[in-house]
Amino acid sequence: MELLNLLLAALLLLLLRKLVWCFQWLWCYYHGRETPAPISLFPRRTGETFEGHIRRDKEETAPRHTKSE
């Protein structure tokens, strides 16, 4: 039971960290300032994976130019 309480407390802290980031992002957006970089739920992960997906999606949906005579 104590292990479960510890895991739930850790999850709560991670969710609070994400919530604080969300409020900071909204505040910056509302005031016209540069928004902070996205954070993941877990601290050691970066947004590189997400950025890679966005980059790949833009490349796939970009119109291809062909020569027309």
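Helix α1 is followed by G32, which has a positive phi near 75°. The model is predicted. Its protein chain holds 2 helices and 0 strands. Of the 69 residues in the protein chain, 7% are buried.

**Chain totals**
- The protein chain has an accessible surface of about 6900 Å². Carbon and sulfur atoms account for 62% of that surface.
- A search of the whole structure turns up 0 disulfides.

**Helix α1**
- Helix α1 runs over residues 2-30 and contains 29 residues.
- From its first C-alpha to its last, α1 reaches 42 Å, close to the 42 Å expected at 1.5 Å a residue.
- Residues L14, W21 and C28 of α1 are buried.

**Cysteines**
- C28 is buried because its relative accessible area of 9% falls under the 20% cut-off.
- C22 has a relative accessible area of 29%, so C22 counts as partly exposed, a class that lies between 20% and 50%.

**Nonpolar surface patch**
- A nonpolar patch on the surface is formed by L12, L13, L16, L19, F23 and L26. Together these residues have about 610 Å² of accessible area.
- L12 has its place in helix α1, and L26 is found in helix α1 as well.
- L26 is partly exposed, with a relative accessible area of 48%.
- L26 and P36 are 10 residues apart in sequence, and their C-alpha atoms are 9.6 Å apart in space.

**Aromatic pair**
- The count of aromatic pairs comes to 1. This pair is formed by W25 and Y29, with 5.2 Å centre to centre and 10° between the planes.
- The W25 and Y29 rings count as stacked because the 10° between their planes is under 30 degrees.
- Both W25 and Y29 lie in helix α1, 4 residues apart, or about one turn of the helix.
- An α-helix has 3.6 residues a turn, so residues three or four places apart point the same way.
- W25 is partly exposed, with a relative accessible area of 29%. Y29 has 57% relative accessibility, so Y29 counts as exposed, the cut-off being over 50%.

Notes: Residues are numbered from 1 along each chain as its sequence is written. This is a predicted model: local features need pLDDT of at least 70, side-chain atom pairs count only at pLDDT 80 or more; totals for chains, interfaces and linings use all residues. Side-chain values use heavy atoms; hydrogens and water are left out. The expected span of a helix is 1.5 Å times one less than its number of residues. Buried means under 20% relative accessible area, exposed over 50%, partly exposed in between (1.4 Å probe, protein chains only). Accessible areas come from the Shrake-Rupley method with a 1.4 Å probe; for residues, only the protein chains shown count as cover. A disulfide is a pair of cysteine sulfur atoms within 2.5 Å. Patches are made of residues with over 30% relative accessible area and no salt bridge: like charges are joined within 9 Å, nonpolar side chains (Val, Leu, Ile, Met, Phe, Trp, Tyr) within 5 Å. A salt bridge is a side-chain nitrogen of Lys or Arg within 4 Å of a carboxyl oxygen of Asp or Glu. Rings of Phe, Tyr and Trp (its six-membered ring) pair if their centres lie within 6.5 Å; planes under 30 degrees apart count as stacked, over 60 as edge-to-face and the rest as tilted.
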